[in-house]
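Keep the sequence and the model open as you read.

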Amino acid sequence: MFGVIPKTMWSKATPPDERNRIQLSMRPLVVRGARTMLIDAGMGDKESEKFHDIYGVERRPHHLDHSLAEAGLAPEDIEIVLASHLHFDHAGGFTIRDANGRLRPRFPRAQYIVRRGEWEDATHPTVRTRASYLLDNYLPLAEAGVLQLVDDDQTIMPGVRVRRTGGHTPHHQMILMESGGKTAAFVADLIPTTAHLPDVWVMGYDLFPIDSMAAKSRFVAEAIEKNMLVFFEHDPTLAAGYLREENGRRTATPA
Ligand SMILES: [Zn+2]
């Protein structure tokens with residue numbers, strides 16, 4: 001999760017377990033506006049026990065259905081599912097395996113919105129990317145006719161727009177939301193946790209780390225200037241905060 005940063009440094013920020021794993025969350029975001037939207041959907045329920053053991057997956061007490069229920073929502077209420085990108089820890093929850101073993105969209109009434117470049121990369125995985133791109137998570141969306149591809153930065157629904165960051169994947173995008181004169185940003189893997197606030201704390205998963213650093217540097221300056229509320233999808237404790245920078249040190253103040 002920390003690329004070239006030495007363990008002696010990152011282990012102070014996030015202590016690993018005996019198998020060298022650290023605590024991370026997978027925290028999708030519900031957006032209520034003109035329509036009800038879900039951004040990303042965690043890793044879903046389709047993977048093997050071995051897979052769950054490798055990653056130490058814990059889904060209690062915050063299984064996605066329970067978290068939606070806490071927000072007063074059922075899967076049928078979601079009208080738009082928007083993807084930051086298609087790695088399994090973001091898109092795994094897009095599909096479900098039914099009682100007959102068939103794969104189908106998990107949100108029966110939703111349109112799924114994906115960036116076209118990300119779709120192209122995810123449906124043509126390479127030796128470098130195929131551990132993260134699992135076709136069962138998104139091919140059934142195209143087969144079910146619920147997939148909508150978007151080409152450029154644009155408004156998805158009033159007050160909600162996408163912006164390409166690149167870096168993590170060439171077409172990784174963040175989501176900007178405006179309401180009541182305030183702006184929030186769901187930055188996905190641009191800044192997965194608050195430990196990743198410094199420019200050079202970039203994940204080894206990132207395909208183009210130099211692009212990640214440049215995009216992060218630009219975004220952090222903008223977020224501070226506009227006092228944006230920033231969501232950290234993978235942070236184990238802080239869901240969202242406001243960024244500050246003092247004497248070159250960046251922090252996130254809990255919302
Ligand atoms: Zn991720």
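Buried means under 20% relative accessible area, exposed means over 50%, and partly exposed lies in between (1.4 Å probe, protein chains only). By that cut-off His168 counts as buried, because its relative accessible area is 2%. This is a predicted model: local features need pLDDT of at least 70, side-chain atom pairs count only at pLDDT 80 or more, and totals for chains, interfaces and linings use all residues. Residues are numbered from 1 along each chain as its sequence is written, and side-chain values use heavy atoms, with hydrogens and water left out.

**Zinc site**
- Asp89 (OD), His90 (NE2), Asp189 (OD) and His234 (NE2) are the protein donors of the zinc ion, at 2.0 to 2.4 Å. Donors are N, O and S atoms within 2.8 Å of the metal (3.2 Å for Na, K and Ca); water is not among the atoms, so sites may look incomplete.
- The arrangement is irregular because the 4 donor atoms subtend angles of 86 to 151° around the zinc ion. Four donors count as tetrahedral if all angles lie between 85 and 135 degrees; four count as square planar and six as octahedral if opposite donors are over 155 degrees apart and all others between 65 and 115; anything else is irregular.
- Along the chain, the donor spacing reads D-H-x98-D-x44-H.
- His90 sits in helix H4 (residues 88-91), and His234 in the loop between strand E12 (229-231) and strand E13 (240-246); the two are 144 residues apart. Helices (H or I, at least four residues) and strands (E, at least two) are DSSP runs, numbered from the N terminus.
- Both His90 and His234 are buried.

**His168**
- His168 lies in the loop between strand E9 (160-164) and strand E10 (173-179).
- Its side chain makes a polar contact with the side chain of Asp206, at 2.6 Å. A polar contact is a pair of N or O atoms within 3.5 Å; within protein, one must be able to donate a hydrogen and the other to accept it, and residues adjacent in sequence count only if both atoms are side-chain atoms.

**Cavity**
- The largest cavity has a lining that includes Asp189 and Asp206. On a 1 Å grid over the protein atoms alone, a cavity is a set of points where a 1.4 Å probe fits but cannot get out, and a pocket is an open set with protein on both sides within 12 Å along at least five of seven lines; lining residues have an atom within 4 Å of a point.

**Pocket**
- Strand E1 (29-32), E10, strand E11 (182-186) and E12 each supply at least two residues of the lining of the second largest pocket.
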